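Please read the following numbered points beside the sequence and the model, beginning with a backbone detail and then turning to the chain as a whole.

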Amino acid sequence: MQYLNVWTSVAAYVNQQIQMIIANGITPANSLQMFDWEAHANIEEAPALHLIGPASLALEESSSGIYHASFVVGVGSFNDEGLFVHRKMVDFLFKSLASGTRMSVFDSETEQPYSWMKVIDGTTVAPMSRSNQRSMQFIQAEGLVDPML
């Protein structure tokens, strides 16, 4: 099990959820983008779009071959007066990370699924913060990664 495989898997899950947010009419495709929160130090330089992406992955080997992952999905809405789009995206993502949800675990090099991660109790939505034109909120989830077979 490698950190990069779990990171790739969380990013793939987030991308899948972005496509579902678009399909459910929460916001159009041209207003939303996948965003790596850890790759950008200055949020003011982020694209002028709604942003959703992974951050803060922690991985712990609980015992031989069994891993516990903790990660965050960040939501940043842009020029969203009334925060209607923001709150719908946060609600959608929070529900998608309910206890028992399974995510495929992918090999980061081949992009082939080889295992799964099950979300466990404790998914949390952090309080909202704001920058000049963007509201931000982070959803923290934890999961157990099935040992590689």
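1. Glu111 is exposed, with a relative accessible area of 58%, where exposed means over 50% and buried under 20%, with a 1.4 Å probe and protein chains only. Glu111 lies in the loop between strand E4 (102–106) and strand E5 (113–119), and its phi is near 60 degrees, a positive value in a residue other than glycine. Most residues other than glycine have a negative phi.

2. Asn79 also deserves a check, as its phi is positive, at about 45 degrees, although it is not a glycine. Asn79 sits in the loop between strand E3 (66–78) and helix H2 (84–96).

3. This is a predicted model, in which local features need pLDDT of at least 70 and side-chain atom pairs count only at pLDDT 80 or more, while totals for chains, interfaces and linings use all residues. Residues are numbered from 1 along each chain as its sequence is written, and side-chain values use heavy atoms, with hydrogens and water left out.

4. The protein chain has 2 helices and 8 strands, these being DSSP runs (H or I, at least four residues, for helices; E, at least two, for strands) numbered from the N terminus. Read along the sequence, they follow the pattern α-β-β-β-α-β-β-β-β-β.

5. Buried residues make up 44% of the 149 residues in the protein chain. Of the contacts (heavy atoms within 4.5 Å) between residues at least 6 apart in sequence, 56% join residues at least 24 apart.
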